[in-house]
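Visitor: I have not looked at this one before. Can you put it on screen and take me through it?
Guide: Here it is.

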Amino acid sequence: MIERHWKGIAKSEEAENYVKHLHGKTFPHLGELAGFIKASILRRPVENGVEFLVVTAWDSIESIKAFAGDSVETANVPQEARDMMVDFDANARHYEVVGYPVKLS
């Protein structure tokens with residue numbers, strides 16, 4: 001499994017709209033793609049807005065190409081989302097999942 005991590009900082013007043021955008025447009029689109037497994041949204045307040053870390057899980061880099069294109073490192077940020085942002089990463093990072101959390105006693 002491959003995780004794709006991307007960060008962006010939304011304008012404070014646009015933070016909830018960005019979450020709605022992900023749930024209403026981005027994630028439904030991802031759900032239609034072969035190899036997509038799941039997505040998570042993490043957020044935290046920062047000085048100039050609300051930082052989001054969007055983590056998607058895929059079965060392979062080849063599956064990510066259906067979403068991102070041949071240049072899988074390039075972030076896929078539609079104009080609607082860009083308009084809500086103060087700043088965002090131009091590239092996504094990919095990590096091979098080599099283990100799962102273990103509950104410590």
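Visitor: Which residues in the largest nonpolar core touch the most other members?
Guide: W6, Y18, L30, F52 and W58 do, in a core of 25 residues. A nonpolar core here is a set of buried Ala, Val, Leu, Ile, Met, Phe, Trp, Tyr and Cys residues joined through side-chain atoms within 4.5 Å. Buried means under 20% relative accessible area, exposed means over 50%, and partly exposed is in between, with a 1.4 Å probe and protein chains only.

Visitor: Which elements give two or more residues to this core?
Guide: Those are β1 (2–10), α1 (15–31), β3 (49–58) and α2 (61–68). Helix α1 gives the most, with six residues. In soluble globular proteins, nonpolar side chains tend to be buried together.

Visitor: Before we go on, what sort of model is it, and how are residues numbered?
Guide: It is a predicted model, where local features need pLDDT of at least 70, side-chain atom pairs count only at pLDDT 80 or more, and totals for chains, interfaces and linings use all residues. Residues are numbered from 1 along each chain as its sequence is written, and side-chain values use heavy atoms, with hydrogens and water left out.

Visitor: OK. How many helices and strands does the protein have?
Guide: It has three helices and five strands, in the order β-α-β-β-α-α-β-β along the sequence. The radius of gyration is 14 Å, close to the 13 Å that the globule rule gives for 105 residues, so the protein is as compact as a globular protein of that length. The radius is taken over C-alpha atoms, and the rule is 2.2 Å times the number of residues to the power 0.38. Helices (H or I, at least four residues) and strands (E, at least two) are DSSP runs, numbered from the N terminus.

Visitor: What does the C-alpha trace span along its principal axes?
Guide: About 40 × 35 × 20 Å. Of the 105 residues, 37% count as buried.

Visitor: Now helix α3. Which residues does A81 touch?
Guide: A81 lies in helix α3, residues 79–82, and touches Y18 and H21, not counting residues up to four places away. A81 is buried, with a relative accessible area of 3%. Its C-alpha atom is 8.9 Å from that of L22, 59 residues away along the chain.

Visitor: Last topic, charges. How many positive and negative side chains are there?
Guide: There are 12 positive and 16 negative, and the centres of the two sets lie 4 Å apart. Lys and Arg count as positive and Asp and Glu as negative, while His and the chain ends are not counted. Each charge is placed at NZ of Lys, CZ of Arg, CG of Asp or CD of Glu.

Key. Contact means heavy atoms within 4.5 Å.
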